[in-house]
Amino acid sequence: MKIVDALAPAAVGLAVLGGWEGLVRLYGVPPYVLPGPVAIAHALAEDWPLLSGSLLVTLRIALLALLLAVSLGGLLAVAFAQSRWVERAFFPYAVVLQVTPVVAIAPLILIWVDDVTLSLLICAWIVAFFPVLSNTVLGLNSADRNHVELFRLYGASRWQTLWLLRLPGALPFFLAGLRVAGGLALIGAVVAEFVAGAGGAGSGLAFRILEAGYQLKIPRLFAALALISALGIAIFAALGLVQHLLLRRWHESAMQPEG
Amino acid sequence: MTLVALDGVGKRFASGTEALAGIDLRIGAGEFLAILGPSGCGKSTLLRLIAGLAEPSSGRITRQASRQVGFVFQEATLLPWSDAITNVRLPLRLAGIDRAEQEARAAAALDQVGLRGFERAYPRELSGGMRMRVSIARALVTRPSLLLMDEPFAALDELTRHRLNDDLLALWAGSGVTVVFVTHSVFESVYLASRILVMATRPGRVAAELAMEAPAPRPTGFRTSAEYAALCRATTEALEGAMAQ
Ligand SMILES: Nc1ncnc2c1ncn2[C@@H]1O[C@H](COP(=O)(O)OP(=O)(O)OP(=O)(O)O)[C@@H](O)[C@H]1O
Ligand SMILES: [Mg+2]
C-alpha cells in the first residue's frame, strides 16, 4: 500500500478527533455525558492494567470462537459437499442457528453451561460459524465443470478430487467467509458477555463497559469501546493479510493492478 | 488397427435435444482425424463420447483396452492455483506415479511445447497461447496413444495458431500418436489432418469424409501451394453441401 493511501484516512480520523475535542471544550460538555478524546486517552492510560487484562480475555474468546468456527464450519462444509442429501438434511438447521439472535439464546446457554467462559465461547461460535460454513459450501460446489471432467478423465478418486480440486477452489470463498466470521466472533463474544454480565477477575471488555456505566466512569467506558473497535479492526486486517498472502499468486481478488 | 469404433451412435440430451444420430466411425491407430462442422453440430459431444466422458443414448462404442487418452479442452482449463509444472504433472499425480518421475516428465513435456523456463509461472502470468501450450503439455505427459483436442487453437491469433499447428504435426509425425482434432476451420483441418470428417447439423451426423493425400510432414510453403488451395476448395464444397442438407 502506498503511504498516501494510509495518509487520507489518518487525516480524516485526526480531523474528527480534533473537532470532537474542540466542540467538547467549546460547549463545556461534562465528561460524564461525553468525554473528549483527550480524557478518553487519559482514562485508557490510567486504567490500562485493568483494561488490557479484559482486552486479552475478549481477544482470547473471539479467537477461540473463530478457530472453532473455522474448524467445525469447514468440516461441516466438506461433509455437506460429499452428498446433496446430507446438505439438504442439515443445512436448514444451520440456518436456524444463524437467524436466531444470539441475545435470545445466550441466557439459555448460560443456564445450561456452568462455565461462563465456555458459554461465551459457544455464543461467539454460533454467530461466527455460519459465514464460514455457507461460503465454503458454495466454494466446494463451484468447481469448474471442465476441471471436474478433467479429473474424471484421469481417473481421480473422490478424495483426490476433493483435495486437489474442490478444496483449493473453495479457498477464496472460505477466506471471504473467514473475514466476516472474524468480526462476528468478536461481536458474539461481546454480546454474550453483556448478557452474562458476570464480573470478576476473568471479565472481558463488555463487562468493563457495563461496570463503567454503573460507576459513571464514562471516559473508561469510551476507552473500553475504543479497544473493542481497535480489536475488531486488527482482526479484520490480520485476516485480510492472510487472505492476501494465500491468494496473491493466483486469484483475481488479490491482484495488484498493473502500472 | 482400430482404437475406437462407433456403431450407430446417437446422443439425446435430457432436454430433448438430439445432438447426434447414427454416427459410424472407426478411428485407426496413427491417423490424424479432423472433425469439421458448423457451430452446434455436436462436435464437442462426439469428442466427449469418444473420450468416455459421456455415454451414448443409442448405439455402441468399443474402445481398445490399452489406450491412454489425452484431452485438450477448448479453453486451457488449467488449475489457477497451481504453477505450470504442477498443472502438467496433474495426470501423473492422479495416477499415483512417484514425485520425482512426475517432475521429470512434466518438465520434459513443457520443454516439448517450448515452455522451458516457465515451470514456476502461474496461469495468470502466461499469455493465452502459452496457457494453451501448458494444456497440451498436460495432455502429452501421460504419453497418450489417443489425443483428443476440442478446438484447441480457436482463441489464438493466426501466427500463433500456425506455429502450434506445425508443432502439433511434428509431434504427431514423431510419436505415432492418434489425434482427433475438432475444428470449425476448413484451412486448419486441411493443413493438419490425414482424414476429415465433415458433419451436418440437427441432428449431428456425418455428411462427408475426405482423405487428405498431402505428404504427412507438410512441406514448407504448403500453406500457399496450389495443392493446399485445391484441397481447401474441395473441403469447403463438402462443408457447404453438408450445411445445405
Ligand atoms: N449438456 C447439454 N445439455 C443439453 N443440450 C446440450 C448439452 N451439451 C450440448 N447440447 C446441445 O447439443 C448440440 C451440440 O452441442 P456441441 O457442444 O456438441 O456442439 P459443437 O459442434 O461442439 O458446437 P461449437 O462449435 O459451437 O462448440 C447443441 O445443440 C447443444 O445445444
Ligand atoms: Mg464445441
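Buried area is the accessible area, taken with a 1.4 Å probe, that two parts lose on being put together, summed over both. In this predicted model, local features need pLDDT of at least 70 and side-chain atom pairs count only at pLDDT 80 or more, whereas totals for chains, interfaces and linings use all residues. Side-chain values use heavy atoms, with hydrogens and water left out, residues are numbered from 1 along each chain as its sequence is written, and chains are lettered from A in the order in which they are written.

Chain B and chain A bury about 2100 Å² between them, of which 63% lies on carbon and sulfur atoms. Of the area that chain B buries against chain A, 35% is supplied by Trp81(B), Leu94(B) and Arg124(B), more than by any other three residues. In terms of contact (heavy atoms within 4.5 Å), 24 residues of chain B meet 19 residues of chain A.

Across this interface the rule finds 2 salt bridges, each defined as a side-chain nitrogen of Lys or Arg within 4 Å of a carboxyl oxygen of Asp or Glu. Glu149(A) forms a salt bridge with Arg48(B), in which the closest N and O atoms are 2.2 Å apart. On the side of chain B that touches chain A, two or more residues each come from helix H1 (43-51), strand S5 (69-72), helix H3 (90-94) and helix H5 (128-140) of chain B, the helices (H or I, at least four residues) and strands (E, at least two) being DSSP runs numbered from the N terminus. H3(B) gives the most to this side, with 4 residues.
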